[in-house]
Amino acid sequence: MDQNKTILTGKGISIGYKKNNKTIEVAGPLSFDLKKGKLTCLLGPNGVGKSTLIRSIMGQIPCLAGEVLFREKPIQEHSAKSLARQMSVVLTDKITAGNLTVGQLVSLGRTPFTNWLGDLTTGDKKAITQAMEATKTLYLRDYLISEISDGQLQKVMIARALAQDGDLIILDEPTAHLDLINRYEIMHLLREITQQQNKTILVVTHDLDIAIDSADELWLMQCGEPLICGCPEDLILSGEINRLLPNQKLIFDPNSGKIRSTKVKKYPNVIGPEPYSSWLKQALSKNNIPLPQDYSIYIKTTPLQFKLQKGDQTLFSKDQIASLIEILKGLPQRKD
Ligand SMILES: Nc1ncnc2c1ncn2[C@@H]1O[C@H](COP(=O)(O)OP(=O)(O)OP(=O)(O)O)[C@@H](O)[C@H]1O
């Protein structure tokens, strides 16, 4: 472990719950180093234990074995107050404080720093306003929590974590209720925070494409396996990203950056430039259209034309994939 580069370390931890004198292990042994000043995304299928790992990392539930070190010290040796000053956490728990205003909820992020009366200093107020500006929630300041949408609440919770200003911010599925644009915006905001404020952020997410796009490091969690950690681009090029996929039916396509079926047809007789040929092949495959060897589709781009040919004979041409597909679907089934 490089102490200057790592804020949090897991050493062979086993995570799980104790219930009625019974121990239920969810995952382990898991080892990891959370790198300082980086955005790390934790990905894995439902129920694999991501939230349990987060709760174990923050010391909320004890590890069944192994240890978590925060700034080189076992997590349970840090006082709750000291952790609250250094670590901001946004969990998936429902907020019940519906009668608080958005502004009041974000202000709660400053609690570890205020006096026992909860008085906010000028510095506290500045941190709150900055956090609300960054998450574009300032306009909601006077709304009651019960009056805002789930997506807005997610952003407000992120604002509260930012206002808390810990060096380490942990978020469990912060973009779950957000629309696509907001999901990108939030992840890019988190990336900006790591880069500009040198904060360390660990995010649990199911958005593989957004995680690849924004994270410095991915942690891939799969049932019964060690955590796979690495830079997204390395994990893609080595093929290790496929460890996230549960079976042989799906594969991560490093060319398109998307998950696709391994059954996708190849269509060597679609001839033309990218991205036209890839999208046409996807449409053919999706519609389960076979293209016999003696047929070819040539793509001309100015103006755009998809020409179906048999040998030298052009059977027809279309300027849209949708209309080409409709005609191909109407033809009698041909077999290679
Ligand atoms: N308080 C609890 N007591 C006992 N078992 C629990 C408790 N909380 C979660 N579990 C179990 O631990 C396992 C992992 O749950 P966890 O919520 O950590 O998964 P996850 O990867 O975060 O899932 P998801 O992606 O669906 O949120 C599940 O089998 C769950 O039933």
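Which residue in β8 is the bridge partner of Leu39? The bridge partner of Leu39 in β8 is Ile201. The structure is a predicted model, in which local features need pLDDT of at least 70, side-chain atom pairs count only at pLDDT 80 or more, and totals for chains, interfaces and linings use all residues. Residues are numbered from 1 along each chain as its sequence is written. Helices (H or I, at least four residues) and strands (E, at least two) are DSSP runs, numbered from the N terminus.

- β3 pairs in the parallel sense with strand β8 (residues 200-204) over 4 bridges; two strands pair if DSSP finds at least two bridges between them.
- Strand β9 (residues 217-220) also runs parallel to β3, joined to it by 4 bridges, and Glu217 in β9 stands opposite Thr40.

**Shell around the ligand**

- The residues surrounding the ligand include Tyr17, Lys19, Ile24 and Val26, as well as Gly44, Asn46, Gly47, Val48, Gly49, Lys50, Ser51 and Thr52; a residue is near a molecule or strand if its C-beta atom, placed from the backbone, lies within 6 Å of it.
- At least two residues of this shell come from each of β1 (6-19), β2 (22-35) and α1 (50-57).
- The element that gives the most to the shell is α1, with 3 residues.
- By class, the shell has 4 nonpolar, 6 polar and 2 charged residues; Ala, Val, Leu, Ile, Met, Phe, Trp, Tyr, Cys and Pro count as nonpolar, Asp, Glu, Lys and Arg as charged, and the others, Gly among them, as polar.

**Backbone geometry in loops**

- Most residues other than glycine have a negative phi, and most peptide bonds are trans.
- The peptide bond from Glu274 to Pro275 is cis, with omega near 0°, and Pro275 is found in the loop between β13 (270-271) and α9 (276-286).
- Thr302 and Pro303 are likewise joined by a cis peptide bond, with omega about -10°; Pro303 belongs to the loop between β14 (295-301) and β15 (304-310).
- Glu173 has a positive phi, near 50°, and is located in the loop between β7 (168-172) and α6 (180-197).
- Glu173 is partly exposed, because 19 other C-beta atoms lie within 10 Å.
- Asn288, in the loop between α9 and β14, also has a positive phi, near 55°.
- Asn288 counts as exposed, because 9 other C-beta atoms lie within 10 Å.

**Ile186 in helix α6**

- Ile186 lies in helix α6 and is buried, because 24 other C-beta atoms lie within 10 Å.
- Not counting residues up to four places away in sequence, Ile186 touches Lys155, Ile158, Pro174, Thr175 and Leu178; two residues are in contact if their C-beta atoms, placed from the backbone, lie within 7 Å.
- Ile186 and Tyr276 are 90 residues apart along the chain, and their C-alpha atoms are separated by 31 Å.

Methods: Buried ≥ 20, exposed ≤ 12 C-beta atoms within 10 Å, placed from the backbone.
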